[in-house]
Amino acid sequence: MAEQEYWRWTEYRHHDESIDPRAGAIVAAGIDVGSVSSQAVVTVDDRLYAFSSMRTGSNSPDSATNALNWALEGTGLTPGDLACVVGTGYGRVNIPFADKAITEIACHARGANFMYGPSVRTLLDMGGQDCKIIHCDEQGKVRAFLMNDKCAAGTGRGMEVFADLLAVPIEQVGALSFEVEEEPDPVSSTCVVFAKSEATGLLRRGWPKSKVLAAYCAAMAHRVVTLIERLGIEKEFAITGGIAKNAGVVKRLQRELGVEPLTTTYDAQIAGALGGALFATALVRKGKGRKA
Amino acid sequence: MANVAYPTEPLKCWARAKELRQRYYEDYAKAHDTGGLRWAGGAWSFDAIPMGLGPDVYPLTSEPYAASIAFNREFSKRCLEATEAKGYARDLCSYMRNYWGSLLLNEYAFGGPFPRPDFIWQDHICCSHAKWYQVVRDLEDDIPYYCIDVAVGPYEEARDRQHRVQYIVDQMHQGIEFLERATGRTYDDARLIEAVKNDCRATSAWAEVSALNKTIPAPLDEKTMYALYVLGTLHKASRDVADFYEELRDEVRDRVARGIAAVPNEICRVITDTQPPWGFLKIFRYMEKYGCVSVGSLYTFGLIGAWEDKPNGTWGPRTTPMAAGTPMETRDQALHILADWTLSRPEWQHFYSPHLKSQLMLRIAKEWQLQGVMLHYNRGCEGLSLGIAENRLALIDAGLPVMVFEGNMGDDSEFDEDATKNRIDSFMESLGIKRPGEEL
């Protein structure tokens, strides 16, 4: 019997049936090849039309191709229909069919501007292997940014390791972390290696999984707050990236910061790819797209 | 932003710089072959003073030596592992760990076994410098060791300055007695005086070279400056180095007059801070693809350069005692000048307060016409990284865009090349700078 991979989150795709891409003037795409996940977003005249989100494999070009093909699946579109493709994320330089590479910081800021509106001034992107705090203007242009160091502490990958350690499906981590009688102290380190050994010790001491998760989510939130405070927080505040979906971290972050993040009906994990698609559309308008 | 194309050409004195550096390390290693002496100490030490022992006394300054090790990543790895295996912590100064490793492995970075010094001549500019040669003495028994305490406060605090200088001069006098005892040689004051004059010439000329980089386009880029300033860290009191810096200054003046650029596509000027990650200097070339040139840093300008306020309010090379007509005919006069001159060097100031360093950086930002600052959060150097986060805040408060990147000057395991390039990409984007051909 195959061992369950608790870290494995559900890959997904979607396209908006109400939009006819053939009726649009500009069909463009953004592809965000991150360290843990890859997303492809297709826009039609600045409207979000289709997207996919899946695990990043060991090969960036393949990840980009698979993500794009899956986003286009069932739409009747092919990659050849795209007027421009922008690559972003860690693998952005290895997307052979991208017309331009733009950093994920710029793309997340642009995508958040779309998702949350032009009032966003501080953006927290909690990705698979790093966290970024970004100041942006009303057009979604980056004014300043800070990243965590190269350690994976406080990132999506760390959360995946914890899900596996505690045998809790990753999507349930946030909710379970609130099933505690009182909030425990955070684990003393968010370093994945040290936190894992500390969590093992807590389990041995008889802590329930929910309490260990609460302690880890709190530590992760605290670490991110430290990063945010280094750059300073200007309202409005929004969160993108996979960890934005983890209420266990987000609510504790909100509690510690004393600032409520904006909410959105969009999937915050696709912000980077969406920003890329919006940049691609802008490039076409400037006559600099693939079909220019 | 428009593409530009300034004329550029290689430095004519580049080969001479390489030759001087190579000869320095060879002279040290071979000193005993001709009856000469070897001494070891920090690059901050008063290297003019041992020169009074004769013309055949050769130093090995520890930080640039360790930087040379760090540049050779394979050797550096072995050195760091040897030091760690001996039980020394990984968060200590990485220069120190590389140096100790070279000693423990008994391998000299320039070939052959590690050449044991005959004496140690050090000063205590930071905590690591205070311990560095204590450990060397633990590993190599009974090398005579003299150290000068220089922790007398910032130079700009004029109150009691003469007493502060005197405190150091008194130690220098005792140091000369130590040198005579340790080597059995008679001290020659005329050689000391010449060495102090060389020091003043060299460090003033280096400041002028750095000041010439205020020009747009910059005649030098910082990666090139690293290879030049290092001579001052090796032996600033030697005639060769003083002569070389004056030759370099003349060449850079000529480059400025003819509009010769270090980076032909210069469109953006930044400075860095602290020692760079020596194994990854290629990040400077990466920046240049954007037309971004690092025109220097407080570190490259002020570790060796001697500066002063000029009558027009700008920062420029300090007037040498010879040009100012300050008498330098006795040992005591020479030592007073050497102490005062050295204490005024900018890189000595921020050990006392990050605010002093912030002021200096803001001054550079204004006079060198910068678009931004890239701060190296250098885990390898506690001394120069001290207060760097406060410097960042001060620069931001003044409206300067700041990028930080983490690394280590001498331990490449703490540097992430791709992540740093990623930050550079984002920083350039936030400054509105595109790479040529990518102005989409």
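How do helix 4 of chain B and helix 5 of chain B run relative to each other, roughly parallel or roughly antiparallel? In this predicted model, helix 4 (residues 94-105) and helix 5 (residues 127-139) of chain B pack with their axes 11 Å apart and at an angle of about 10°. Angles under 35 degrees count as roughly parallel, and the two helices of chain B are therefore roughly parallel to each other. On the helix 4 side of chain B, the contact is built from B:Met96, B:Trp100, B:Leu103 and B:Leu104. Helix 5 of chain B contributes B:Ser128, B:Trp132, B:Val135, B:Val136 and B:Leu139. By class, the residues of this contact comprise 8 nonpolar and 1 polar, with no charged residue.

Helix 5 of chain B also has a place between two strands. Strand 3 (residues 119-123) and strand 4 (residues 145-148) of chain B are paired in the parallel sense, with 4 bridges. The chain passes from strand 3 through helix 5 to strand 4 of chain B, giving a right-handed β-α-β crossover. Within this region, B:Asp123 faces B:Ile148 of strand 4 of chain B.

Attention now turns to chain A, for which the domain assignment gives domain 1 (12-111 + 270-285) and domain 2 (118-261). The centres of these domains of chain A, taken over C-alpha atoms, are 26 Å apart. Their contact draws 11 residues from domain 1 of chain A and 16 residues from domain 2 of chain A. On the domain 1 side, helix 2 (residues 104-116) of chain A supplies the largest share, 6 residues. That side of domain 1 of chain A consists of 5 nonpolar, 5 polar and 1 charged residues.

One sheet of chain A is open and has 6 strands in the order 1-4-3-2-5-6, with mixed pairing. Its edges are formed by strand 1 (12-15) and strand 6 (100-101) of chain A; each has a single partner strand, so one side of each lacks a neighbour in the sheet. A:Gly87 has A:Ala101, in strand 6 of chain A, as its bridge partner. Helix 8 (residues 271-285) of chain A lies across strand 2 (27-33), strand 3 (37-44), strand 4 (47-55), strand 5 and strand 6 of chain A. The direction of helix 8 of chain A makes about 140° with strand 2 of chain A.

A further open sheet of chain A has 4 strands in the order 9-8-7-10, again with mixed pairing. Strand 9 (142-147) and strand 10 (237-240) of chain A are the edge strands, each pairing on one side only. On average, and with direction ignored, neighbouring strands of this sheet are turned by 20° against each other. Strand 7 (residues 122-126) and strand 8 (residues 131-136) of chain A run antiparallel and are joined by 5 bridges. One pair of bridge partners is A:Met126 and A:Cys131, the latter in strand 8 of chain A. Helix 2 of chain A packs on this sheet, where it touches strand 7, strand 8, strand 9 and strand 10 of chain A. Its direction makes about 65° with that of strand 8 of chain A.

Finally, the two chains meet in a contact that takes 12 residues from chain B and 13 residues from chain A. Helix 17 (residues 417-430) of chain B provides the largest share of the chain B side, 7 residues. The side of chain B that touches chain A has 6 charged, 3 polar and 3 nonpolar residues.

Technical notes. Residues numbered from 1 in each chain as written. Chains lettered and ligands numbered in written order. Predicted model: local features only at pLDDT ≥ 70, side-chain atom pairs only at ≥ 80, totals over all residues. Axes fitted to C-alpha atoms, helices over the stretch in contact; angles between N-to-C directions. Parallel < 35°, antiparallel > 145°, perpendicular 65-115°, else oblique. Contact = placed C-beta atoms within 7 Å. Nonpolar A, V, L, I, M, F, W, Y, C, P; charged D, E, K, R; others polar. Domains from an automatic or database assignment. Pairing = 2+ DSSP bridges. Right-handed = clockwise from strand over helix to strand, strands pointing away.
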